[in-house]
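Dear colleague,

Please find below the structure for your review, together with its sequence. A summary of the findings follows it.

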Amino acid sequence: MPIYAYRCTECGFAKDVLQKLSDPVLTVCLSCGKPSFKKQLTAAGFQLKGTGWYATDFRGGTAPTTALPTGPVDSAKPAAADSAPAAPAAAAPAPAAPKAD
């Protein structure tokens, strides 16, 4: 719930009030009882800092994991993505146990 700052224009009484967004605005001063209690415009209680809003922007300042490799590329070796995937090994049936007479 947000905290709103109120101030009376008649007597100068000021109070911070914890209210729901759906609560009605207070108009009657809690000190003098006159209908001159006004909500004040105040600065936000938090600051937005940083370069962005994604989880990768706040992970220790390292580069994203999708960065390209920085070392030299050996063209003689095929890349892992270029090679064919290995075929799964067929499951061989277990050898039958000899029967005892």
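Are Y6 and F37 buried or exposed? Both Y6 and F37 are buried. Please bear in mind throughout that the model is a predicted one.

Overall architecture

The protein chain contains three strands and zero helices, and its pattern along the sequence is β-β-β. Of the 101 residues in the protein chain, 10% are buried. The accessible surface of the chain amounts to about 9400 Å², and carbon and sulfur atoms account for 60% of it. As to contacts between residues at least 6 apart in sequence, 29% connect residues that are at least 24 apart.

Aromatic pairs

Distant parts of the chain are linked by the pair, with Y6 in strand β1 (residues 3-8) and F37 in strand β3 (residues 37-39), 31 residues apart.

The other pair brings together F13 and F37, whose ring centres are 6.2 Å apart; with the planes at 20°, this pair is stacked as well. The angle counts as stacked because it falls under 30 degrees. Here too the pair links distant parts of the chain: F13 belongs to the loop between β1 and β2 (14-18), F37 to strand β3, and 24 residues separate them.

Through these ring pairs, Y6, F13 and F37 are linked into a cluster. How do F13 and F37 count in terms of relative accessibility, and what are the values? F13 has a relative accessibility of 28% and therefore counts as partly exposed, whereas F37, at 2%, counts as buried. The cut-off that places F37 among buried residues is under 20% relative accessible area.

Charge over a ring

K39 and Y4 provide a further contact of interest to this summary. The charged end of K39 sits over the Y4 ring, at 4.0 Å from the ring centre.

Nonpolar surface patch

Which residues make the nonpolar surface patch of about 360 Å²? The patch is made by M1, I3 and L18. Of these residues, L18 is located in strand β2. The relative accessibility of L18 is 52%, so L18 counts as exposed, the cut-off for that class being over 50%.

With kind regards

Technical notes
Residues numbered from 1 in each chain as written. Predicted model: local features only at pLDDT ≥ 70, side-chain atom pairs only at ≥ 80, totals over all residues. Heavy atoms only, no water. Helix = DSSP H or I, 4+ residues; strand = E, 2+ residues; numbered from the N terminus. Buried < 20%, exposed > 50% of the residue type's maximum accessible area, 1.4 Å probe, protein only. Contact = heavy atoms within 4.5 Å. Areas by Shrake-Rupley, 256 points an atom, 1.4 Å probe, with all protein chains shown as cover. Phe/Tyr/Trp six-rings, centres within 6.5 Å; stacked < 30°, edge-to-face > 60°. Lys NZ or Arg CZ within 6 Å of the ring centre and 35° of its normal. Patch = residues over 30% accessible without salt bridge, like charges linked within 9 Å, V, L, I, M, F, W, Y side chains within 5 Å. Salt bridge = Lys/Arg side-chain N within 4 Å of Asp/Glu carboxyl O.
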